[in-house]
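Hello,

Here is the structure I promised to pass on.

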Amino acid sequence: MLTRLRHRYSFMTISLILLLTASMTGCSLDSSKNNDVTYVGDTVNLIYYTIGEPDKDLQLVNDKINEIMARKIGVTITYIKVGWQEYEDRLNTLISAGSSFDIAFATNYPSTAMRGSWLKLDDYLTGLGKDLYDSVDPTFWQGVRMNDGGIYGVPTNKELAVRDHWMYPASIVEKYNIDITQYNTLESLEPLLQMIRQEEPSYLPMELDRDSHNFFALYGYEYIVNNKVPLMVKSLDPNAQVVNIFETKEARQVLDTLRHYYKEGFINLDAALREPGGLKRGDKVFWKSSGGGPLPETSWSKDRGYKIVSYPVTPTVVTTESVRGGIMAVNANTKHPVESIKFLNLLNTDPEIRNLFNYGIEGVHYNLDEQGQIALIPSKDSNGDLIPNAPANYTGVQYTQGNWFILKTMGGDNPEPLDKWDQFRKYNSEVIKSTVLGFTPDLSKMTAQIDNIQMIWKKYYPSLMTGSVDVDTILPRFNEELKQAGIDEVLKEVQTQLNAWRDHK
């Protein structure tokens, strides 16, 4: 009898071990390498917030995503898009209220990570998320590590250096035989803008918005806190000091040039009020600036509705800001950390899911051409007629949602090269790292000063950086109010921390 009990106990123990092993193996098998494996068990739903205008077909795409993910990893999502202008405030509210979401696009990653908002991922990235970790360029992980050495977000695996590109309509460039490589300073643009105003009056010579552009990058500067705190440092100078950029001669030159252009009528009159990204499809604009990596013209041409050419005007420098531009983070209070990692792992390693997030549903939002490239299906009215310049029924915000290198390339009128991602890999292999890459000042004891500085920035920056106001009058007022808000104390603290960081590097 005792022998039979022992045999029975041994059999149950072995069975339990086998069951646990199968369960653990199932977690690893649910990756893109084993797409034929079907998940068995209850599904878990995750709440996912990201930036972007809610699409007409968002729920349709969400349903298709869930159908596939439930089968592969036993996870579904509630896919919530919040508009560009509302997202940051909405996310801060969600975090402050302790709302029960699971994953979000982290717009202000360093400060929210230091506040304890995000789950520390290091242990997951060596186990369940190892495929995810291995799929992302190591320089991104270097850039997202915080001062405690921890990783609190998953960076989008894309171009490492985001350069400022100046873009122009191809038809105008060809018509006037313009060599766009000759224009890489603000001042050099004047004869072009003058010509456009005279010869092409239907085109706006220069388009700016209230967030304007980082014209200071033309002089080698990068932000050291965030772009609403005007403290900057020279990226490639290992001993560079932190400066209030608006006290430098370079800033004065930029502001004077922009003021001159505004008074000449080159810049849109509503620039200080215009929402970022507010350019409508089909709008006739000669000059516009945007950040990007190699081969950006195809997506910009698609967005604009006509062919665009562009030229990069800033160096290929990897900055902390550039590697933190697209981060997905897991809520520190999530009830589903394992499922969140499984979702992020799939999104970064599974081409089917990644392309679905980016392009929508094949046969509904796009078809594949004979080269296997994406051919978007244009919007049609109730009669089946094409709607010119109509917004897409679904559009993924590419930089916010995972690994680019498993995306299909775009075909159509201006097809991307079939070796696009090889060109990106080559580009990434040749970038230069900023001397302050990965430095994150801890300003948790100076939140009042930071809040006040950002309020002053919001008050003056849009009008100054669009040429809308008199520089002699407004710039001194801006700097004086920044001092009253505490910018000198913040600068001193950031410099102290930077010196210590350099000493221990």
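Strands here are DSSP runs of E of at least two residues, helices are runs of H or I of at least four, and both are numbered from the N terminus; two strands count as paired if DSSP finds at least two bridges between them.

Helix α3 (residues 87–96) packs on the sheet and touches β1, β2 and β3 (103–105), with its direction at about 140 degrees to that of β1. Contact means heavy atoms within 4.5 Å. Axes are lines fitted to C-alpha atoms, for helices over the stretch in contact, and angles between N-to-C directions run from 0 to 180 degrees.

The sheet itself is open, with 5 strands in the order β2-β1-β3-β13-β4 and mixed pairing. Its edge strands, β2 (75–82) and β4 (154–155), each pair on one side only. Helix α13 (residues 337–349) lies across β1, β2, β3, β4 and β13 (327–330), and runs at about 160 degrees to β13.

Elsewhere, strand β7 (residues 221–223) runs antiparallel to strand β8 (residues 231–234), joined by 3 bridges, and Tyr-223 stands opposite Met-232 in β8. β8 is also joined to strand β9 (residues 243–244) by 2 bridges, again antiparallel; here Leu-231 faces Asn-244 in β9.

A word on the basis: this is a predicted model, in which local features need pLDDT of at least 70, side-chain atom pairs count only at pLDDT 80 or more, and totals for chains, interfaces and linings use all residues. Residues are numbered from 1 along each chain as its sequence is written, and side-chain values use heavy atoms, leaving out hydrogens and water.

Best wishes
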